[in-house]
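Trainee: I have a structure open here and would like to talk it through with you. Could we go over it together?

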Amino acid sequence: MRKRMRWVAAAGIVLALAGCSANDSGSSESAAMPMSADTKQAAPNQGPANKEAPDSKAGSGKAPAPAGQPGITDRKLVRTASLELTAPNVADVISQVRVITQGVAGYTGQESTQEKRASVNVIVPSERLDGVLDQLGKLGKQVRREVTATDVTEQMVDVESRLATQRASVERIRVLLARATSVSEIASVESELTSREAELESLQKRRESLAGSVAMSTISLQVKAETVAASEESRSGFLGGLAGGWDAFLTFGGGLLTAIGAMAPFLLVFGVPVAALVWWLRKRRRPAEPAMATASDLPSAPPLD
């Protein structure tokens, strides 16, 4: 009897435990369902947030330019170039250079042309500089090509700021001039106005000069004949040094002969009379010397007793 009671109690305990586990599983499932729904509702909301994240990163990567300073695209550059060519005919190259320059609305500046050498300054719009260099490089054998750029942005900004300040200053002085009543006040204000207007004109000219340098670029072009270039290349090593020394010797000898030729007239006019005078003086002194020698050679008189 007792054994049966024990089995019944054990069975009841097992059933109770099974019921508790079932309730726990049900409650966990019911708790999990709202969370999954919330997760589904939160998932669409996370989409725009994720889309905004790259934009914020991209925006943080682009640092804005400091206030008052132009960006990279607004920089003011003064570009210059130098080009050296060799060609069979120097005069033909210079003629073609003029044609190319006029074709891009440019002009030529200082020019020096010889039979086998030439140099010319070509001024062209800055935006056409690279294209003009390519065209000029095809006129002969390109030996050297250099391009430099100088940033004058800060100078331009400084000049513009000073111009604005100076204009305002001139306007204030004009207002004072209109209010002046006495002759002394008018003279003093007019003198100050003239000084400030002169400074304003100076700033305007400086701005125009900087703007012109930015708008136009200068190319220093040098052209040599191929024979001259070949001879310059051959003057290297021992033979080149020997040839250079021989040329230096001939130059020194030619200079020495030139100096002697320049002195020859003075030698003829002054040297010959001076030489004759010296010869005559020496000839007069020769007879006196033997006479003095004869007197000294006479025997002395014997002493008297």
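Trainee: What percentage of the 305 residues of the chain count as buried?

Mentor: In this predicted model, 18% of the 305 residues count as buried, where buried means under 20% relative accessible area, exposed means over 50%, and partly exposed lies in between, with a 1.4 Å probe and protein chains only. Local features need pLDDT of at least 70 and side-chain atom pairs count only at pLDDT 80 or more, while totals for chains, interfaces and linings use all residues. Residues are numbered from 1 along each chain as its sequence is written, and side-chain values use heavy atoms, with hydrogens and water left out.

Trainee: OK, and how many helices and strands does the chain have?

Mentor: The chain has eight helices and five strands, taken as DSSP runs numbered from the N terminus (helices are H or I with at least four residues, strands E with at least two).

Trainee: At what angle do the axes of α4 and α5 cross?

Mentor: Helix α4, residues 153–179, and helix α5, residues 183–215, have axes that cross at roughly 160 degrees and come within 9 Å; the axes are lines fitted to C-alpha atoms over the stretch in contact, with angles from 0 to 180 degrees between N-to-C directions. That makes α4 roughly antiparallel to α5, since angles under 35 degrees count as roughly parallel, over 145 as roughly antiparallel, 65 to 115 as roughly perpendicular and the rest as oblique.

Trainee: Switching topic, is Val157 buried or partly exposed?

Mentor: Val157, which is found in helix α4, is partly exposed, with a relative accessible area of 36%. The C-alpha atoms of Val157 and Arg207 are separated by 9.7 Å, although the two are 50 residues apart along the chain.
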